[in-house]
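Colleague: I would like to go through this model before setting up any calculations on it. Could we take the helix packing, the metal sites and the backbone in turn?

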Amino acid sequence: MKKLILLLLPLLFSAYSLAMPKVEFRDLKIEGQQQLVLFVADVTQLRGSAAQVDKLTEGRLSKAIKASGLKNDFGQHKTFYGLSPFSQITVVSGTDKLLSQAELQQLGGYAVSNFPANGQQAIALFSDDIKTDVAAPEAYIAMGAGMRDYHFDTYKKADAKTSPRWLILNAADNTAATLYQNDLRYVVEGIYLARDLASEPGKNIYPQTFVERVTAKFSGLKNVKVTVLNVKDMQKHNMGALMGVGLGSVHEPKLLVIEYNGTSKNTPPTALVGKGITFDTGGISIKPNDGMWAMKSDLSGAAAVAGTMLAVASRGENVNLVGLMPLAENMPAGNAIRPGDVLSTMQGTTIEIISTDAEGRLILADAVRYAQQQYKPGMLLNIATLTGSAARALSDEYAALITRDWDLSVKMMAVGKLSGEEVWPLPLHPNHFKQIKSEIADIKNSGAGNPGASIGAAVVATFVDEQLPWVHLDIAGVDWLDADIAVAPKGSQGWGVRFMDQLVRQQAKQL
Ligand code: BES
Ligand code: MN
Ligand code: ZN
């Protein structure tokens with residue numbers, strides 16, 4: 001019976017996963033009764049499809065735009081009802097500048113942000129008045145629309161759930177359709193997976209269920225190998241830091257590893273390592289209640305790694321990639337680790353615990369060590385909701401980026417800009433390593449306090465070979481937002497899927 005339930009669990013969970021909008025690209029005609037979205041470069045001078053629509057409404061659209069005060073301001077948008085023969089017309093302002101991939105995604109997001117939440121909704125999108133040098137721009141518009149049209153309504157009653165929307169984009173040839181259906185939609189799927197995992201209550205997502213839900217998504221994908229290390233395996237590797245963080249929880253820690261070998265060339269893989277704290281109470285160094293519920297999303301780094309792996313493996317990119325997701329729940333309990341305890345790591349070094357709330361760096365310490373020993377990567381990126389300090393410094397706009405090499409930082413800023421997920425560098429100074437010297441162990445897990453994001457990075461850096469190109473992303477500020485943005489409703493952003501996906505694309509080009 002137990003076995004049967006275990007077998008059924010992945011099925012149950014995959015049924016939970018939320019539907020993406022249906023997307024179609026075709027030579028679309030303007031017809032009455034449609035629900036339209038018109039992207040216009042200049043709201044005072046309608047051209048192309050927008051001009052045609054205006055004509056069919058006998059000029060009432062342009063009058064309505066004027067009366068509404070809609071301005072030429074990128075992303076500003078208004079929805080007009082009752083302009084017969086159309087049931088609903090949304091006008092989204094572009095700009096006369098050339099739009100980037102990320103801006104096209106934003107326009108797609110604005111396009112669907114106004115639509116009623118319930119019922120099956122077919123929307124016709126016309127983008128002939130957009131200026132861009134991006135090939136197949138409609139594919140990026142569809143991607144952004146899909147990203148924005150995410151709803152986490154697993155726990156709502158049936159009639160409060162949102163039915164998936166149906167987007168029809170006006171694109172005469174099939175380049176946009178091909179790019180979207182064979183590639184970009186998998187990125188949206190990866191983002192949905194990451195958001196689902198980060199939105200799910202801690203009661204239902206713990207290391208084992210994280211593993212089940214993610215593993216189910218990879219079944220049937222080519223060139224993928226999934227390995228799960230449990231406590232016994234961790235003992236063999238002496239992963240005292242990862243095991244230590246898991247001690248206070250009734251749920252055992254796990255290390256989920258997904259290998260994707262997409263090229264037969266003998267190139268070393270890139271390793272993506274994501275923090276997967278399925279709930280962070282702070283442990284014995286317990287957090288105050290205020291806002292603690294949001295710590296259900298302390299697995300956002302691991303969720304983004306899972307989402308990226310899914311996108312890359314689904315489209316069959318020509319790269320070798322390995323995703324490592326250390327998973328643990330940080331709880332206070334009689335057998336939890338205490339401040340003052342010393343943990344031994346896979347590297348052989350020891351860590352004195354100053355705060356049990358600085359747990360992310362502990363699980364990363366063993367995971368990055370394992371990544372290097374087992375997979376000899378050519379580059380290692382770790383991504384984590386690591387410090388409140390990074391969130392205070394950079395807020396919602398940038399993830400904190402820390403590397404040992406300025407050139408690499410510059411490259412990562414460019415990747416961020418292109419992907420739509422931006423990063424900004426913070427320092428790593430020799431003094432930050434001095435701050436984590438311990439009286440009784442090799443290092444301690446937190447210093448005097450400031451600068452918190454750099455101290456956290458210094459702990460992780462201690463476990464990364466100095467010659468290895470290493471990128472540290474602290475996403476504590478960006479992974480969860482309190483207000484909607486163009487490409488996401490408030491809540492979990494799935495931050496990192498677009499960034500890491502873009503990095504992988506660049507590496508595939510270089511091979
Ligand atoms: N998961 C938190 C960081 C965090 C804070 C993420 C706010 C998202 C929003 C992390 O484990 C943590 O508790 N960090 C401490 C470190 C400190 C004890 C050295 C922090 O930033 O306060
Ligand atoms: Mn913590
Ligand atoms: Zn944490």
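Modeller: A helix axis here is a line fitted to C-alpha atoms over the stretch in contact, and angles run from 0 to 180 degrees between N-to-C directions. Keep in mind that this is a predicted model.

Colleague: At roughly what angle do the axes of helix H2 and helix H3 cross?

Modeller: Helix H2 covers residues 48–56 and helix H3 covers residues 60–68. Their axes come within 6 Å, and the crossing angle is roughly 105°.

Colleague: How is H2 oriented to H3?

Modeller: Angles of 65 to 115 degrees count as roughly perpendicular. The axes of H2 and H3 cross at roughly 105°, and that makes the orientation of H2 to H3 roughly perpendicular.

Colleague: Which residues of H3 make the contact with H2?

Modeller: H2 contributes Ala 50, Val 53 and Asp 54. The contact of H2 with H3 divides by class into three nonpolar, one polar and two charged residues. On the H3 side the residues are Arg 60, Leu 61 and Ser 62.

Colleague: Turning to H13 and H16, how are these helices oriented to each other?

Modeller: H13 spans residues 406–419 and H16 spans residues 497–510. Their axes come within 9 Å and cross at roughly 115°. H13 and H16 are therefore roughly perpendicular.

Colleague: Which residues in H16 does H13 meet?

Modeller: H13 passes H16 in a right-handed crossing. From H13 the residues are Met 412, Val 415, Gly 416, Leu 418 and Ser 419. The contact of H13 with H16 divides into five nonpolar, four polar and one charged residue. In H16 the residues met are Arg 498, Phe 499, Gln 502, Leu 503 and Gln 506.

Colleague: What is the orientation of H10 and H16 to each other?

Modeller: H10 and H16 pack with their axes 8 Å apart, at an angle of about 45°. Angles under 35 degrees would count as roughly parallel and 65 to 115 as roughly perpendicular. H10 and H16 are therefore oblique.

Colleague: How many nonpolar, polar and charged residues does the contact of H10 with H16 have?

Modeller: The crossing of H10 and H16 is right-handed. H10 brings Ala 304, Val 305, Gly 307, Thr 308, Ala 311, Val 312 and Arg 315, while H16 brings Val 497, Met 500, Asp 501, Val 504 and Arg 505. By class, the contact of H10 with H16 has seven nonpolar, two polar and three charged residues.

Colleague: Now the metals. What is the site of the zinc ion (ligand 3), octahedral or irregular?

Modeller: The zinc ion (ligand 3) is coordinated by Lys 275 (NZ), Asp 280 (OD), Asp 298 (OD) and Glu 359 (OE), at 2.0 to 2.4 Å. The angles among its six donor atoms run from 78 to 175°. The site of the zinc ion (ligand 3) is octahedral.

Colleague: And why is the arrangement around the manganese ion (ligand 2) classed as it is?

Modeller: The manganese ion (ligand 2) is coordinated by Asp 280 (OD), Asp 357 (O), Asp 357 (OD) and Glu 359 (OE), at 2.1 to 2.2 Å. For six donors, octahedral needs opposite donors over 155 degrees apart and all others between 65 and 115. The six donor atoms around the manganese ion (ligand 2) subtend angles of 70 to 168°, which makes the arrangement irregular.

Colleague: How far apart are the manganese ion (ligand 2) and the zinc ion (ligand 3)?

Modeller: Asp 280 coordinates both the manganese ion (ligand 2) and the zinc ion (ligand 3). The distance between these two ions is 3.2 Å.

Colleague: Finally the backbone. Where does Pro 451 lie?

Modeller: The peptide bond from Asn 450 to Pro 451 is cis, with omega near -10°. Pro 451 lies in the loop between strand S17 (443–444) and helix H15 (452–461).

Colleague: What is the omega of the peptide bond from Ser 84 to Pro 85?

Modeller: Pro 85 lies in the loop between strand S3 (77–81) and strand S4 (88–93). The peptide bond from Ser 84 to Pro 85 is cis, with omega near 15°.

Definitions and conventions. Residues numbered from 1 in each chain as written. Chains lettered and ligands numbered in written order. Predicted model: local features only at pLDDT ≥ 70, side-chain atom pairs only at ≥ 80, totals over all residues. Heavy atoms only, no water. Helix = DSSP H or I, 4+ residues; strand = E, 2+ residues; numbered from the N terminus. Parallel < 35°, antiparallel > 145°, perpendicular 65-115°, else oblique. Left-handed = near helix turned anticlockwise from the far one by under 90°. Contact = heavy atoms within 4.5 Å. Nonpolar A, V, L, I, M, F, W, Y, C, P; charged D, E, K, R; others polar. Donors = N, O, S within 2.8 Å, 3.2 Å for Na, K, Ca; no water. Tetrahedral: all angles 85-135°; square planar, octahedral: opposite > 155°, others 65-115°.
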